[in-house]
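Please look over the sequence and the model before reading on.

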Amino acid sequence: MDAPWAEQLAERLLAEPLPDRWAHSRGVGLKARELRQLAGEHADTLEAAAFLHDIGYAPPLVDTGFHPLDGAHYLRDHTDAPPLLCTLVAHHTCAIMEAEARGLDDVLLAEFPLHDDLEHTLVAAITHCDLSVGPTGSPTDAQHRIAEILARYPRDNPVHQAIQRARPVLLRQDQMIRGRLPPR
């Protein structure tokens, strides 16, 4: 699967029903394009996963109500996406913590296990990109993005609870990737 295919699929699934979500996803994909040198031979997969990370919000794909899992299921079951691409979509932005809050962590880990440091690094790269783009596609930083997510969801919502718990990990992942970027 290549990044142009992923961008077109994300646009087809998100642009009309969820234009802000599409603007965000497009921004995340474009941000990942800037990180291609960090991903080496997996650069195209990283960029594709960044474009596709939120497709699970598309109304026809919603099954569990947990967008990382719904998006990964769609890619696995309805496209020729390689397992690594599905895994990156399933695990972006500390998805495991929200999966725990929803009682879906066993499903996530059984269907889309993370195997090695490379996969963890690629997930961190997508997380950095996700935290660098606001909800309508505008640039932001990790601190502001986390604050925006927490403000958008009520305290009793699993997203709020997961992001609150994940904040230190999210910031470490963001810092790790920023530390690998060439100086501007």
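H53 has a relative accessibility of 0%, so the residue counts as buried. The model is predicted.

**H53**
- H53 sits in the loop that lies between α4 (43-52) and α5 (67-78).
- The side chains of H53 and D54 are joined by a polar contact of 3.3 Å.
- A polar contact of 3.4 Å links the side chain of H53 to the side chain of D130.
- With neighbours within four places in sequence left aside, the contacts of H53 are H24, S25, V28, H67, V89, H92, I126 and D130.

**R145**
- R145 is located in helix α10.
- R145 counts as buried because its relative accessibility is 4%, and buried means under 20%.
- R145 and D130 are 15 residues apart along the chain, and their C-alpha atoms are separated by 8.6 Å.
- Not counting residues up to four places away in sequence, R145 touches H24, D130, L131, V133, G134, P135, T140 and R152.

**Helices α10 and α11**
- Helix α10 (residues 142-152) and helix α11 (residues 158-180) have axes that come within 10 Å and cross at roughly 175°.
- The crossing angle is over 145 degrees, so α10 is roughly antiparallel to α11.
- On the α10 side, the contact is made by A142, Q143, I146, I149 and L150.
- On the α11 side, V159, H160, I163, Q164, R167, L170, L171 and D174 take part.
- The residues of this contact comprise eight nonpolar, three polar and two charged.

Technical notes:
Residues are numbered from 1 along each chain as its sequence is written. This is a predicted model: local features need pLDDT of at least 70, side-chain atom pairs count only at pLDDT 80 or more; totals for chains, interfaces and linings use all residues. Side-chain values use heavy atoms; hydrogens and water are left out. Axes are lines fitted to C-alpha atoms, for helices over the stretch in contact, and angles run from 0 to 180 degrees between N-to-C directions. Helices (H or I, at least four residues) and strands (E, at least two) are DSSP runs, numbered from the N terminus. Angles under 35 degrees count as roughly parallel, over 145 as roughly antiparallel, 65 to 115 as roughly perpendicular and the rest as oblique. Contact means heavy atoms within 4.5 Å. Ala, Val, Leu, Ile, Met, Phe, Trp, Tyr, Cys and Pro count as nonpolar, Asp, Glu, Lys and Arg as charged, and the others, Gly among them, as polar. Buried means under 20% relative accessible area, exposed over 50%, partly exposed in between (1.4 Å probe, protein chains only). A polar contact is a pair of N or O atoms within 3.5 Å; within protein, one must be able to donate a hydrogen and the other to accept it, and residues adjacent in sequence count only if both atoms are side-chain atoms.
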